[in-house]
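Visitor: Hello! I am new to this structure and would like to learn how to read it. Could you walk me through it?

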Amino acid sequence: MNSNGEGGERSAQSATDEPVLAAMHGEVLVLTLNRPDKLNAWGEAMERRYFDLLDEAQENAAVRAIVVTGAGRGFCAGADFDDLKAVSQTDGTSLERGRPTSHPLAISKPLVAAINGAAAGVGLVQALYCDIRIASPTAKLTTAFVRRGLIAEYGTAWLLPWLVGRGVALDLLLSGRVFLGEEAHAIGLVNRLAEPDAVLETALEYATDLAENCSPTSMSVIKGQVQRAMNATFDEALREADAEMRESFMRPDVDEGVNSFLERRRPAFAELSPSR
């Protein structure tokens, strides 16, 4: 993807051996985990490519929202067993990387997961790192860790209880059982459901609405507010909201938001500052 957001389609068509494909759809970047023969199993090359593309998107003003999905029948079936076996034969130093597995949480633009099929282990974790999750009712999800002799990896012991509550999180983590997208939606792990052949389209429509109608700066600020509020008291969150509100009135987006509503047109919000 070049600096003005073009070339994504060309990348998706000509670089099919890439572990992650990138394609621009208007102002939405679609990232496709691309190892369909292995249900998009997670490995170091995929992680590097995915994180590189996220970093590029963060700095590219043409990208206002990001959709993450998987090629073929699955989203991401978890860690590549060859990589997992190699790690198990070391002292764990191979887990040390330049960017943590939780790196997507540092991206200030909205991330929408289109869970088109199996999401297991680290694959489910990457879906949890997204802001919004859309899944097929029949998609199979599992934490899987405990059934591989592992623990609640990558912050899931903190993240899952926050999303679905302690009891449900313990069920999912202690059992490592498979549950379907329909149950994931019922417990609040998935935001909305779509038919298997419409998951990506639904996610793209949602992300396009964000890109076209929501202030990039406001979305970035709100993501930061929500993350910080997870470890704050109500009074602390309220004080931050008051400060951010005062700042927002100093930006042109407020006038544009009001005027575009009154004039019944799409808002022309300012681009997100790279510093955000």
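Guide: Gladly. Let us begin with contact, which means heavy atoms within 4.5 Å. Please keep in mind that this is a predicted model.

Visitor: Which residues is L31 in contact with, leaving aside its neighbours within four places in sequence?

Guide: L31 is in contact with V20, L21, A22, Y50, L53, L54, I66, V67, V68 and T69. L31 also belongs to the largest nonpolar core, a group of 44 residues. Together with Y50 and I66, L31 is among those with the most contacts inside that core. There is a second, separate core of 14 residues, which includes V28, V67, A203 and L204.

Visitor: Now a loop residue, please. Where is the place of N116?

Guide: N116 sits in the loop between β5 (111–115) and β6 (118–120).

Visitor: Is N116 buried or exposed?

Guide: Buried means under 20% relative accessible area. N116 has 17% relative accessibility, so N116 counts as buried.

Visitor: What does N116 touch, not counting residues up to four places away in sequence?

Guide: N116 touches T69, G70, G72, R73, G74, F75 and V199.

Visitor: How about helices? Which residues of α5 are buried?

Guide: In α5 (residues 156–164), the buried residues are T156, L159, L160 and V164. Looking down the axis of α5, you find these buried residues within an arc of 100°, so they line one face of the helix. They pack against α4 (122–129) and α6 (166–175). After α5 comes G165, with a positive phi near 95°.

Visitor: Let me try α11. Which of its residues are buried?

Guide: In α11 (residues 253–262), the buried residues are D253, E256 and S260. They cover an arc of only 60° around the axis, which puts them on the same side of α11. Among what covers these buried residues is α9 (216–229).

Visitor: And which exposed residues does the face turned away from the buried side of α11 carry?

Guide: That face carries D255, F261 and L262. Just after α11, look for R264, where phi is positive at about 55°.

Definitions and conventions:
Residues are numbered from 1 along each chain as its sequence is written. This is a predicted model: local features need pLDDT of at least 70, side-chain atom pairs count only at pLDDT 80 or more; totals for chains, interfaces and linings use all residues. Side-chain values use heavy atoms; hydrogens and water are left out. Buried means under 20% relative accessible area, exposed over 50%, partly exposed in between (1.4 Å probe, protein chains only). Helices (H or I, at least four residues) and strands (E, at least two) are DSSP runs, numbered from the N terminus. The arc is that of the directions from the helix axis to the C-beta atoms. A nonpolar core is a set of buried Ala, Val, Leu, Ile, Met, Phe, Trp, Tyr and Cys residues joined through side-chain atoms within 4.5 Å.
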